[in-house]
Amino acid sequence: MAANVGYLESTEGGWGEWYKTGAPFECAAEGGYGPPYYATYVPAVLPSANNGPGLWFEYWVTNQRPTVGDSEVELHTTWQTEAGPNHYVTLSVNFTKGTLTARSGANADPTKNNTVGWTWTPLKTEGKRMHIGWWVRFWTRDQMTVTPVVTVDDGVPAFLNEGSLPTPSMRLACTLEKVRFGLTNLLAEAFQVSTQLFRPGTAAEVTQRGTWKRGARLDAPQFPLRMLPAVRGSAWDVITEIARATMATAEFTADGYFLWRDHRRWSAPPSVADLEVTSARELAGLTITEEIDACRNYCTVRVSDWSNVVGAGEELLKDAVSTPIEIAPQGTLVRTLPIEEKKNDPRTPRGLMPTGELPPSHAVIRSGSAADSQLTPSSVEISMRRDPGAITLGFRNLSASPVYYHGAQLSTIAPSEDPGSYVWSAWNDESRRLYGTQVYEHDVKGWVQDLGSAMELAVALRNAAAFPIPLMQSVEILPDPRIELGDVVRVKDTTGAQLDTLAWVIGIKTSGSSGRVTQTLTLRGTAFNGVPQDSGLTPDLPADPAVPPP
């Protein structure tokens, strides 16, 4: 639910559950059965109501018959106005009743604002993927128009009649501040807000059909994050670090698809192979090893628990300018500010309003270079981006007159306290008796952030490594390009070593010479071979009884 573009400001409700079954595409959140789950976002770019282009709100859902109540999605937007009070625009869909509602007004309670509504029966369709789009334009000083666009499955988008609402408090001097996504009783994903020059008109423009192809398969999230750790390196470096920290696997298939599989794939020995492979020749002998280094029967996970840490106070980052900087009409000013790695992301600053309010994160835009010249915050579109070690601010002048940048102040959330430090261990007494205590301390590198997740991970590590698993090396097979790392294969050799077993593929070597292709696998067994019997052996005593103490 974290924003990949923009800033997640706050959440309400149980966002810890995600579902694969029934998701529109990959993995969806499901709202509460009682009060809605809310996630409030600050856009990376704060559009102005007098910007000209319209706003396009969109998301995907799978409607389902609720146990109680109705299935609903509500988009509640907050606009700051130069007139003083905020203005609110709310876009709601009730899938159970087949209705859509747009509300606009100065009251934070949407039900007390002006309303326009639509009824469209196909919204009640259950079990099919559905795309919801809202096209919003501010045409005149006191009026906005709204057009709902609904697409069921892969059908033709339905453009409902345009509705209009009064917006007297906006006065065309108004900037979008934040958007709250509310979810009740249905599966949703892929929510986004964008500015568009024209209303999307075709299926490709509405749903991006034919312009992209799904290229990944992901398991549902298992370990919630409350604070993103500081990272370095490429995106793949970060993905690799998360996979190692959480016992997951990340890979690209030969066809270019990305696969993410979590720690549960190791929880039980597989009973069915992904593929069956045949040895290239009779296996007269086979080297099978059981390494004590692969045995870990006392597994410890250290975790910094963020469960009780909340945001408290602000840490400020200032951009002071000695001389105000002119921004030409339709021109853009870019400012780059250094930021410490350990600092959290700031939110996009709002333009300072002439109402006297001084928000922690703001930019000062005036009509002239004088310190007392008129504030004109809605004349610019403000954007923010975080790069390694820096914050980049953009100010685009939307007006026909020059404006002046007088500086900015950004705020980042400071944690209320340091996270609690815990250690959780899981062990296997039988393995410790047979092999001695084989300790493994797992470094989660900040990617596991609560004690419950640490406990689950420690148990998974213990279960996977309590007994040494046989390793089969240099098994030459008839080449099969379908084999991927992490596959479970059944290896058969009916005449040589009489091998017929399931194994994980942990290494693949494919080579060619003189027109001949060979493929050699390194395999890890799916289960251990049993405990050592030590028949007829007498363990040595810790000290020689024939030698007196020193």
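First, my cut-offs: I call a residue buried under 20% relative accessible area, exposed over 50% and partly exposed in between, with a 1.4 Å probe and protein chains only. This is a predicted model, so I take local features only at pLDDT of at least 70 and side-chain atom pairs only at pLDDT 80 or more, while totals for chains, interfaces and linings use all residues. Residues are numbered from 1 along each chain as its sequence is written, and side-chain values use heavy atoms, with hydrogens and water left out.

Entry: N185 sits in the loop between strand 15 (174-184) and strand 16 (187-196). Strands here are DSSP runs of E, at least two residues, numbered from the N terminus. Is N185 buried or exposed? N185 is buried, because its relative accessible area is 1%.

A190 also has a positive phi, about 60 degrees, without being a glycine. I found A190 in strand 16, and its 45% relative accessibility makes A190 partly exposed.

Entry: strands 12 and 14. They run antiparallel, joined by four bridges; DSSP has to find at least two bridges for a pair. M144 stands opposite L165 of strand 14.

Entry: T151. I placed T151 in strand 12 (residues 143-152), and T151 counts as buried because its relative accessibility is 0%. Beyond four places in sequence, its contacts (heavy atoms within 4.5 Å) include R129, H131, P157 and R209.
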